[in-house]
Amino acid sequence: INSGGGDMASGYMAYEAVKSSPVPITTVNSAFVGSAATLFYCAGKERLSMPAASFMLHPAAASNIKQDYLKPNEIAQIKQFSDGYNALFRNVYKQCTTYNDEEISKMLFNEDGRQLINLDTALVRKMTTDKAN
């Protein structure tokens, strides 16, 4: 995988496909796995990473397609999408990393809390299970 992420629904759909596969799937970070791509990377039975690869874990964002002022219900809808996507990240990261609830909450609150981690940190945090050869 070499992806900065993108669409959360697609990332989650890929996560479920990999996770529920009757054939064990090994995911490999070949250069960079970020954002929604971390979802399906984490679904691998075995998760490998190239030595110089990195990961980026950060909060979900919901798009605002309006260009003008927002009404309270529109703000609530954007927050609902953002909260739902962050719940996906939270559930997956609790299963495939050793980040605790407080660390995950900080990571998913704003970009200042984002984690850009290398292979060594990914191994310590159990994001990856081993180095790829």
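**Close-up views of a predicted model**

View 1. Asn 29 stands opposite Ser 49 in E3, where strands are DSSP runs of E with at least two residues, helices are runs of H or I with at least four, and both are numbered from the N terminus. E1 and strand E3 (residues 46–49) pair in the parallel sense over four bridges, two strands being paired if DSSP finds at least two bridges between them. The model is predicted, so that local features need pLDDT of at least 70 and side-chain atom pairs count only at pLDDT 80 or more, whereas totals for chains, interfaces and linings use all residues. Residues are numbered from 1 along each chain as its sequence is written, and side-chain values use heavy atoms, with hydrogens and water left out.

**View 2. The open sheet.** Three strands form an open sheet in the order E1-E3-E6, with parallel pairing. Its edge strands, each pairing on one side only, are strand E1 (26–29) and strand E6 (130–131).

**View 3. Helix H3 and its cover.** Helix H3 (residues 72–96) has 25 residues and reaches 36 Å from its first C-alpha to its last, close to the 36 Å expected at 1.5 Å a residue, the expected span being 1.5 Å times one less than the number of residues. Its buried residues (under 20% relative accessible area, with a 1.4 Å probe and protein chains only) are Glu 74, Ser 82, Asn 86, Phe 89, Val 92, Tyr 93 and Cys 96. Among the elements that cover these buried residues of H3 are helix H1 (8–19), helix H2 (37–42), E3, strand E4 (54–57) and helix H4 (101–107).

Terms used
Buried < 20%, exposed > 50% of the residue type's maximum accessible area, 1.4 Å probe, protein only. Contact = heavy atoms within 4.5 Å.
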